[in-house]
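Dear colleague,

Please read them with the model open beside you.

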Amino acid sequence: MTNLDEKIIQWVESTEDSIKYFKAPDVSKEIWRRHQLKKYRNYLAIAASACIVMITLWVQQSSMSLKSNSSAVQDLLAQNAVLEQQLLGTAKIALSDRQAAIMSDWYHQLAMIDQNIEIQRSDTFDETFWSSRKKLLSKMVDFHTQPFDFYEI
């Protein structure tokens with residue numbers, strides 16, 4: 001050992017009680033907490049993005065099905081309106097009593113179908129009522145144009 005080393009060791013030994021020791025703060029827990037929070041935010045952002053994509057796709061698909069249903073509904077309503085006009089045009093044809101009774105029964109069935117359609121809520125569209133109404137109207141128009149006595153009800 002050199003003279004300088006010995007002097008340093010002696011100085012440290014003599015001033016050992018008066019030297020202040022500084023300890024670095026333990027920030028490992030804070031660093032770990034921030035890391036976990038960052039991971040949580042990333043997972044949350046991914047989940048939110050996935051939810052937004054799924055909701056967007058669902059809205060797009062429901063609007064597409066609504067548009068396709070809307071066109072089918074419009075076609076069905078238009079067909080019913082055309083059949084009603086044809087029925088009004090053929091109503092002037094004279095029928096026998098038996099034929100008039102059959103038509104009266106069908107008018108009653110048509111009124112029942114219309115009542116069921118009115119009972120429906122406006123946001124739901126039951127296609128079965130409208131299709132059965134269309135079938136009945138077409139049967140009535142056909143019967144009016146070519147009436148005969150033995151007709152299946």
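With which residue does Arg-33 form a salt bridge? The partner is Glu-30, with the closest N and O atoms 2.7 Å apart, a salt bridge being a side-chain nitrogen of Lys or Arg within 4 Å of a carboxyl oxygen of Asp or Glu. Please keep in mind that this is a predicted model, in which local features need pLDDT of at least 70 and side-chain atom pairs count only at pLDDT 80 or more, while totals for chains, interfaces and linings use all residues. Residues are numbered from 1 along each chain as its sequence is written, and side-chain values use heavy atoms, leaving out hydrogens and water.

By this rule there are 4 salt bridges. Arg-33 and Glu-30 both lie in helix α2 (residues 28-90), 3 residues apart, where helices are DSSP runs of H or I with at least four residues, numbered from the N terminus. Glu-30 also meets Arg-34 in a salt bridge (3.2 Å, N to O), and these two residues are 4 apart in helix α2, about one turn of the helix.

A further salt bridge joins Arg-133 to Glu-84, with the closest N and O atoms 2.4 Å apart. Because Arg-133 lies in helix α4 and Glu-84 in helix α2, the pair ties together parts that are 49 residues apart in sequence. Salt bridges that share partners, for their part, join Glu-30, Arg-33 and Arg-34 into one network.

Best wishes
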